[in-house]
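Hi there,

Here is the structure I promised to pass on to you. Have a look at it first, and then read on for my notes.

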Amino acid sequence: TTWHADVTFNADGTTIYDEPDNPGVYTTYGTWTLNGNTLSYDMNSSTSSSSYQFTGTLLENTMSGTFTFGNQPLKNWTAIKN
């Protein structure tokens, strides 16, 4: 499955997720940390009992890794910086 989304990674460790095809419909907040080139991103961590949890590595303008939602199995993800 592929979907397009915009994620803003703020300097204070917060994030804003939005889908350009449905602006404002799926707006979600979260948190992020970066340790070396390893990104941890927890989408909707403060408003849901289940959240998407992304872990990945940065290489130039591309991030890739795995994510989970609740107790579902790991899935792969890739993102490109615009």
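Strands here are DSSP runs of E with at least two residues, numbered from the N terminus, and two strands pair if DSSP finds at least two bridges between them. Please keep in mind that this is a predicted model, where local features need pLDDT of at least 70, side-chain atom pairs count only at pLDDT 80 or more, and totals for chains, interfaces and linings use all residues. Residues are numbered from 1 along each chain as its sequence is written, and side-chain values use heavy atoms, with hydrogens and water left out.

Let me start with the strand pairing. Strand β2 (residues 14-18) runs antiparallel to strand β3 (residues 28-35), with 4 bridges, and Thr-15 has Gly-30 in β3 as its bridge partner. On to β3 and strand β4 (residues 38-43): they are antiparallel too, over 6 bridges, and Trp-32 is partnered by Tyr-41 in β4. The β3 and β4 hairpin has 2 residues between its strands, and Gly-36 there takes a positive phi near 70°.

β4 also pairs with β5 in the antiparallel sense, through 6 bridges, and Ser-40 stands opposite Thr-55 in β5. Between β5 and β6 there are 8 bridges, again antiparallel; one of the facing pairs is Thr-57 with Ser-64 in β6. Those two strands form a hairpin with 2 residues between them, and Glu-60 in the turn has a positive phi of about 55°.

Which residues make up the largest nonpolar core? The term stands for a set of buried Ala, Val, Leu, Ile, Met, Phe, Trp, Tyr and Cys residues joined through side-chain atoms within 4.5 Å, where buried is under 20% relative accessible area, exposed is over 50% and partly exposed is in between (1.4 Å probe, protein chains only). The core has 8 residues in all: Tyr-17, Leu-39, Tyr-41, Met-43, Phe-54, Met-63, Phe-67 and Trp-77. At least two residues of this core come from each of β4 and β6 (62-69), and β4 has the largest share, with 3 residues.

Two residues are worth a click for their contacts (heavy atoms within 4.5 Å). Leaving aside residues up to four places away in sequence, Met-63 touches Phe-9, Leu-39, Thr-57, Leu-58, Trp-77, Thr-78 and Ala-79. Phe-9 lies in strand β1 and counts as partly exposed, at 32% relative accessibility.

A pocket is an open set of points on a 1 Å grid over the protein atoms alone, where a 1.4 Å probe fits, with protein on both sides within 12 Å along at least five of seven lines; lining residues have an atom within 4 Å of a point. Its lining counts 30 residues, and Ala-5, Trp-77, Thr-78, Ala-79 and Ile-80 lie nearest the centre. β7 gives the most to that lining, with 6 residues.

Finally, is Asn-71 buried or exposed? Asn-71 sits in the loop between β6 and β7, and it counts as exposed because its relative accessible area is 77%.

Best wishes
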